[in-house]
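Work through the exercises below with the coordinates loaded. Each task is followed by its solution.

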Amino acid sequence: MAVLNPPRTLPGLGRAIVNHLLDARRSATEEDLVAAFKPDGLNADSTAADGVKNTISSMRAIDVLVTNSDGTLGLGENVPAPKTPFTRDQFRRVLQGRVFDLSRDGDVWVTQPGDAHTSGARDLNRALAWVMAQDALGQPLSWTDNLQKMQAEQFQTNDQQAWAITNDTRWNAASRWLPTLGLATQSVIRDQSGLVPLPVTAVDDALASLPDERIAIHDLLTRIGQAVPVLHGGTMRAGLVSVLGIDPDPGIAAECADSSIGQALRILEERGRVKFETLPDAHGIRLSRFDATRRTHAIVKAGGKK
């Protein structure tokens, strides 16, 4: 079972489905959910229910939902049942935990036979890791403008099956997961549509587990990579680099922080979420290849500016 195929999966709809199950007075089957979210008369097209069905399928793939022995749907064993409906922020963190499950998916870059190659979130994580390795300061990412060309160049083949994102259908699905997981945002540049690999929200989520004390900058970057393994410092990004033979991010090439993480941290600094320091005789790093100053330490501040 894959996440990016079926193609009409809507991760945002997943929260509504999960909250519906939590609030329901009786157990529900997939047919019950289709009837609830695509009632008769709303749309008579034969594919009208695909968004609901595809979303249920992708939620099953990452163990947010499970099918019980009686055919009803329930929450996966690793999904906490809240006392109140999941908020968007709460559900994003649930999805992050289920998507970035290393114990389930292992090394996503090791080819597996048949359906195992896309089982769990393996196909999604390959897409996420590759997208987040691109330049956050470069051109926004869209399939026709640059994704095909960049993958052909970086994977050194025109065989799309060897790419992280094999076709535009799977890119459309990935482009919905990236913002939902807090990893990207839509471009605000006029006449340049597409996604920007800017993980402000995901990095902010990672900072939530850090103490309110001074931490060495390299330790901070390591912890972010551990919390979000598709980012630099994480195992899925390391696997991508092994496949490509080089890290494609220009920030890394310039011996700076990864461009996506660096930009995200600079935005969070402006919001008062983190403060950076440059202490003498300490090893530091530039957050951007356009910075002149190296940062050596950071202090994470709970909440940031109000």
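The exercises cover a helix, a sheet and a cavity in this predicted model.

**Exercise 1.** Determine how the span of helix α3 compares with the expected span, and whether α3 is enclosed or open.

Solution. Step 1: α3 comprises residues 50-61, which is 12 residues. Step 2: from its first C-alpha to its last, α3 reaches 16 Å, close to the 16 Å expected at 1.5 Å a residue. Step 3: apply the burial cut-off, under 20% relative accessible area. The buried residues of α3 are G51, V52, N54, T55, I56, S57, S58, M59 and A61. Step 4: nine of the 12 residues are buried, so α3 is largely enclosed by the rest of the structure. Step 5: just after α3, D63 has a positive phi of about 65°.

**Exercise 2.** Find the strand order of the open sheet and state which strands stand at its edges.

Solution. Step 1: the sheet has three strands in the order β1-β3-β2, with antiparallel pairing. Step 2: β1 (28-29) and β2 (65-67) each have a single partner strand, so one side of each lacks a neighbour in the sheet; these are the edges. Step 3: β1 is joined to β3 (residues 72-75) by two bridges. Step 4: T29 stands opposite T72 in β3.

**Exercise 3.** Search the whole structure for cavities of 30 Å³ or more and describe the lining of the largest cavity.

Solution. Step 1: the search finds one such cavity. Step 2: the volume of the largest cavity is about 30 Å³. Step 3: its lining consists of L137, G251, A257, S259, Q263, L287, S288 and R289. Step 4: sorted by class, the lining has three nonpolar, four polar and one charged residue.

Technical notes
Residues are numbered from 1 along each chain as its sequence is written. This is a predicted model: local features need pLDDT of at least 70, side-chain atom pairs count only at pLDDT 80 or more; totals for chains, interfaces and linings use all residues. Side-chain values use heavy atoms; hydrogens and water are left out. On a 1 Å grid over the protein atoms alone, a cavity is a set of points where a 1.4 Å probe fits but cannot get out, and a pocket is an open set with protein on both sides within 12 Å along at least five of seven lines; lining residues have an atom within 4 Å of a point. Grid points are joined across faces, edges and corners, and a volume is the space filled by probe spheres set on the points. Ala, Val, Leu, Ile, Met, Phe, Trp, Tyr, Cys and Pro count as nonpolar, Asp, Glu, Lys and Arg as charged, and the others, Gly among them, as polar. Helices (H or I, at least four residues) and strands (E, at least two) are DSSP runs, numbered from the N terminus. The expected span of a helix is 1.5 Å times one less than its number of residues. Buried means under 20% relative accessible area, exposed over 50%, partly exposed in between (1.4 Å probe, protein chains only). Two strands pair if DSSP finds at least two bridges between them.
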